[in-house]
Amino acid sequence: MNSLKNKNILLCITGSIAAYKACELLRLLRKEGSNVQVMMSESAEKFIGVATLAALSNNEVLTTLFPNNPKGGMDHVKLSFELDAIIVAPATANILCKAANGVADEIVSTTLSICDVPILFAPAMNFRMWNNEGTINAVKILEKRKNIIVPPEEGQLASLHEGKGRFADINNIMNNIRKLFNENLILENKKILITAGPTREPIDPVRFITNHSSGKMGYALAKASKEYGSKVTLISGPVSIPIVPGVKIIDITTAEEMNNKIEDELTNNTFDYIFMAAAVADYKPIEFSDKKIKSNDKIQNLKLEKSIDIMADTISKHRGIKIAFALETENGQVNAINKMKAKKSDYIVLNYANESGAGFNEDTNHVYIFSKKGSSKEFRKNTKLRIAKKILEYIVNNEK
Ligand SMILES: Cc1cc2nc3c(=O)[nH]c(=O)nc-3n(C[C@H](O)[C@H](O)[C@H](O)COP(=O)(O)O)c2cc1C
C-alpha cells in the first residue's frame, strides 16, 4: 500500500534560503498521488514564486489571511480540502518558536494553531539559529506535543559556514511523512542495488542481440523498495517505462557496461540487498563490425561467445544479500535452484515465460521464491508492484 496516495496535504513554506527545495518535495508528494495545497509566509514569497508552486501543486497557493475579496463565513483559512496532515518545510526558527507558543499572527502560524491534524516540521536555518535557546525550547515543546521534527543536517550552510542547519535529505523527509501515516518502513536506512531491463550486444551499428525484457519487474522493485524507506540505485538497460522518482538511475546498454557500473557501485558503497532482475544477454558477437553488414549474402554466420556472468563473477564477491531471477519455460524449480547455487545468490525468484499474465512485458506476474536455506513461497498473480512488495517483505522477514 502506498500510504501517500490520495492524502490531502498542506505544505507550508516559510522564509528560509532552502525554500526552493520545497519544490522537489512537492513534486515527489504529487508523484506519490497526494493532493497538495501550498501555503506561504510573506517571507517565503521573497525566496520563491507563487506561480511555480501553483503550477507544481495544480492548486491555489494561499498567501494571506486577509485576501482582497474575502469569501463569506468565519473560517480563518479557506483550504481546498479536508486535511490529513501539514508539512512545514522548510520551517524557519521563527515559525518553530511561534507554533510552540501559540502565536497566530499571519496565515501559516494561524493555520498551525487551528488545525488538529499531524504536523511535521523540517527546519532549515543558520547553525546559530538552530542552537539558539529559544529554538531549542520550541523544538522540545513541539516534540512533546507529538509533532514530528525532521532535524536539519550537519554540513555546509548557505552562508558557507559548517554546522547543523541544512534542510534534511528529501528522501529522509519523505520517509518521515510516510511514517506520519503509519507506514511500516521495513527497509528504512537500507541501501539497495537493483538491475533491470535487457542488455544489447551490438553486431554492427544497426543490429544487436538482446533478450525480451520490459524492465517492469526491476522498476517495480525499485519503487517498492523506495516506498519501504530504502535508498535505491537502479542500473537499467534500455527500457521505455517512466523513471522512478527519488531513485538514482544509471543507464547502460551492454552487459559489460552493466558489469562495470555494478563494480563501481559495489566498490564505493555497501548495499544491504542486491536484486539482479535484469535480463542480461548470455551471448555476444565475438566481432563487432563498425560498418553495417550488407544484406546481399544469403547466409551470415554470426560467431558468439558467452558474455560476462555478472552475478557469479562480480556480485558474488561483494557483501549484501543477493537475489537472482530466473525466467524459465520448463522444470522451473529445479533450474531455478541450480541457478541460485551456481550464481552463489541467497535467493532466487522464478517466473515463467510461457504463462499468460507472468514473465516479461506483462504488468502482472506470478512468481516463486526460493532461499538457499531451503524455504520457499509462491506469490500468485498480481501487479508487479504488489509482487515486488511481497518479495521484499518475504526476504526482510526471512533475514530477521
Ligand atoms: C537571505 C536570508 C536567508 C534566510 N534564511 C533563513 C533560514 O534558512 N532559516 C530561518 O529560520 N530564517 C532565515 N531567514 C530569516 C527569516 O526569513 C526571518 O526570520 C523571517 O522573519 C521568517 O518569517 P517566516 O517564518 O514567517 O517565514 C533568512 C533571511 C534572509 C534575509
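Predicted model: local features only at pLDDT ≥ 70, side-chain atom pairs only at ≥ 80, totals over all residues.
Residues are numbered from 1 along each chain as its sequence is written. Local features need pLDDT of at least 70, side-chain atom pairs count only at pLDDT 80 or more, totals for chains, interfaces and linings use all residues, and side-chain values use heavy atoms, with hydrogens and water left out.

**Stop 1: the helix pair.** Select residues 93-100, helix H4, and residues 133-144, helix H7. Helices here are DSSP runs of H or I with at least four residues; strands are runs of E with at least two. The two axes (lines fitted to C-alpha atoms over the stretch in contact) come within 8 Å and cross at roughly 50 degrees.

Now show side chains. Ala93, Leu96, Cys97, Ala99 and Ala100 of H4 meet Gly134, Thr135, Ala138, Val139, Ile141 and Leu142 of H7. Contact means heavy atoms within 4.5 Å. Nine of these residues are nonpolar, two are polar and none is charged; Gly counts as polar.

**Stop 2: the cis bond.** Go to Ala89 and Pro90. A cis peptide bond joins them, with omega about -10 degrees. Pro90 lies in strand S3, residues 85-91.

**Stop 3: two asparagines.** Select Asn331, in the loop between strand S16 (321-328) and helix H12 (332-342). Its phi is positive, about 45 degrees, although Asn331 is not a glycine. Asn331 is exposed (over 50%), at 57% relative accessible area.

Finish at Asn361, in the loop between strands S17 (347-352) and S18 (364-371). This non-glycine has a positive phi of about 70 degrees. Asn361 is partly exposed at 41%, between the buried limit of under 20% and the exposed limit of over 50% (1.4 Å probe, protein chains only).

Technical notes: Axes fitted to C-alpha atoms, helices over the stretch in contact; angles between N-to-C directions.
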